[in-house]
Amino acid sequence: MNTRMTAHSAHPVRLVVEDDYRRSRVTVFFRLLLAIPHLIWFFLWSIFAVIVAIINWVATLILGRPPAWIHRFLCAFVRYSVHLSAYFGLAANPYPGFLGEAGEYPIDVDLPEEPQAQSRWKTLLRPLLVIPALLLGGVLGGSIGVPAAGLIMNRGHRSRSGRFEGGGGLGGGVLAGICAILGWFAALVTGRMPKGLRDASTYGIGYGAQVRAYTLLLTDVYPNSDPTTILETVEPPAAHPVHVVGDAHDLRRSRLTVFFRLLFAIPHFVWLYLWGYVLVLVAIFNWFATVIMGRSPRWCHRFISRYVRYQFHVYAFVSLAANPFPGFTGAPGTYPLDLELPADPQRQSRVKTFFRVFLAVPAFLVSFGVEVALFTAAFLTWFVSLMRGSAPWGMRNLMAYALRYLAQTNAYLFLLTDRYPNASPLEGEATPAE
Amino acid sequence: VSFRRSALLVAFAAGWGVAAWLLWRSSLPAYRLQHLSETALFPARVLASAQHYSSVARLFWLGATLTQLAVLGVYARYGVRWMRESAAGPVGTGMLLGMIGFALVWAAQLPFAVLAVWWRRHNGLDGSYVQATVGDWLLLGAQFVALCIALAVVMNLARVRWIGDRWWLPAAPVFVGITTLLAFVAPWLLGGSPLRAPYVSQLERIEHVHVPVRVISGFGEPNAFATGLGPSRRVFLWQPILERPFTAREDRFVLAHELGHLAHDHIWKSVAWYALLAFPLAYLLARVARRRGGMGMPEAVPLVILAYVVLQLVFLPLRNAVSRHMEAEADWSALRATHDPAAGGALFRLFVAETKDDPSPPWWDYVFLENHPTLLQRIEMTRYWEDYAAAQSP
């Protein structure tokens, strides 16, 4: 089986990542305050950008392509929003410039240099077509830059704090927001941004850039949420013992089972629920045994592995990341999107095991962001699959990432491995030593 | 072998007949109801409205049933195509095929469900489009769970080498056990608030049944039912039956009827009838499944579902006859407990106006759809009791 998600097709909006993970503790500590001038400048710039975007929309409808000066202005705006998002979300270290100049920031974006001819129909319908992308962009983060769209998406919803929040406003997004908060603590302590968090945040920024470029008519290529495409300039992380295997190109979906997917999954939910009760007992026993012996009993390892894999199969089925109805046993090699787990119990640090629940808290937080992304992607995929009979490539790979991270978190919590979950959307690559 | 098999069949049929006879016995006298004219009992407008409503509702049922059979017929022929959508092994694949079959039936019947709601509302009855669509969708999920449990039981039994095609022998008792358990547990899940009326304890004393009587709200129609086994026995009244135009006397009659069910062990008898029908039903399904390699093979599931639905229709007249018999006994019990045939008669007349139930439906409706005696028969029963009581008094 093909285990790797390979880039499907190049997108005209391409993220360029040259960040070295190093962070200045001082600027990290004061990052919010330091960003204030940028936020004010960005706010003023975005008001003007909204007006220009409307003019651009009308002009593109008439001319069939955006006027060159507007294209250049909006490219600079999108690039600036990427720089600011990266700085704000700790995906990059240096203080960004105010003009969105190309090639000057470690997290940059390549945009079409010249205005492209665009379909007038697609342009006319662009405000509607962009809604699903905005929804996903709002979840993944890096959405600074489309304030007007944000207000449309959430109808100007005002939160209890009195701030406007939403997909395209200054809210940032669930996943990137969580990564930024966790990264803030990590960078303060170590002076470096963890690769997983940086990659997840960068992924959100890259997708956000594609959404903005599409919204502002810089390209008519729809945003592609495939992590491999967005992060093609990023080094993959080291291989994780818990990883996904399967045919990434298996996109066919049965419309009938898609339509009734949630109902068909109900027996699995019931079974998962009942199995979960036994799992809790076994997991508690396993924890005591591992703290004492430094290694999980083999039968506990196998039982928990089955559960984690079964849950992965069920979630893959429900979220439409995979097509067929899964079995009820979590047996390896029975599902097209499968989970590879350590075959045997591994020796684990007793101290890490003792504090495992507390150590897993950051992973739980990232899991929450990942789950929201999974839910959103599944919701959107449901409509697309019903119409086309196949899942979108980008969504499928986003969901595979989310499922992989959730499984890694479970495996870590339940002591199947002591390797911390890797938040990077990229699949791990085996080093020669491994 | 043939003689032995025939002897076994005869013995089984004889045992079945004796059991059915024992279950059929009741406290009802050998009665013959005097036929009454419905035009003399009901105002012409009420009668015409009920008959018109019921005639169209019957057509919806007929349409939905024929659609169900047609969909399942096509599915039995082509349903195995969906096996490729499963990675769940034979039993899991069987579950998926079963669920797909039911899902297709649901989708095909949806227009009838919506039409039925429109027709109810058009006639001033309670009906919710949300319930008929989204509510039924959720109900479908519950059906899926039950279906998967059933298929898991029968397919796993059929896959045991030394059981094979004889799976129906152990499967039938398993389903009887599950049904008994559900009948026992369900009353505790229904909630409701206690009914505080002076006649409750009086009727309980007369019927020798002391059980909680509870009122449940959220329904638009007048109704009541008795349920539970042993300590879980309960009577539930739907709120509308305690409201106008129903009077306290009529409510008393309703409660007496429901207590009559419990007094005569009708819930136990229903379970026993279920057990009696489960064996031949499971046997016939096993015979059908053999045509597709046996019940252990997922390919058999679409055909077995069709056979199951057809057999349910075939057994429906018998099940309705049994149910009508029990309802008649409960009516008789209520008449003996209340000595108030006027309240019973008024209650049944009100039902025609409130529920638009045809008091005297055509024969095929009576055979396939009526699990209670017709409202006309129930009124005739109250008249019969008057004569019976007069003859019994010294």
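**Notebook: a look through chains A and B**

I started with chain A, where residues 24 or more positions apart account for 79% of the contacts with a separation of 6 or more (contact means heavy atoms within 4.5 Å). This is a predicted model, so I kept in mind that local features need pLDDT of at least 70 and side-chain atom pairs pLDDT 80 or more, while totals for chains, interfaces and linings use all residues. Residues are numbered from 1 along each chain as its sequence is written, chains are lettered from A and ligands numbered from 1 in the order in which they are written, and side-chain values use heavy atoms, without hydrogens and water.

**Chain A overall.** I found 18 helices and five strands in chain A (DSSP runs numbered from the N terminus, H or I of at least four residues for helices, E of at least two for strands). Of its 434 residues, 56% count as buried (under 20% relative accessible area with a 1.4 Å probe, protein chains only; exposed is over 50%, partly exposed in between).

**Helices 3 and 4, chain A.** I looked up how helix 3 (residues 36-63) meets helix 4 (residues 68-88): they pack at about 145°, with axes 10 Å apart (axes are lines fitted to C-alpha atoms over the stretch in contact, and angles run from 0 to 180 degrees between N-to-C directions). Among the residues that meet are A:Trp41, A:Phe42 and A:Trp45 of helix 3 and A:Phe73, A:Phe77 and A:Tyr80 of helix 4.

**Helix 7, chain A.** Seven of the 10 residues of helix 7 (residues 131-140) are buried, so this helix is largely enclosed by the rest of the structure. The buried ones include A:Gly137 and A:Gly138. Just after the helix, A:Gly141 takes a positive phi of about 105°.

Most residues other than glycine have a negative phi, and most peptide bonds are trans. I therefore noted A:Leu90, not a glycine, with a positive phi of about 65°; A:Leu90 is buried, with a relative accessible area of 2%. B:His208 has a positive phi of about 60°, but B:His208 is exposed at 68%. The peptide bond from B:Arg244 to B:Pro245 is cis, with omega near 10°, and B:Pro245 sits in the loop between strand 5 (234-238) and helix 8 (248-263) of chain B.
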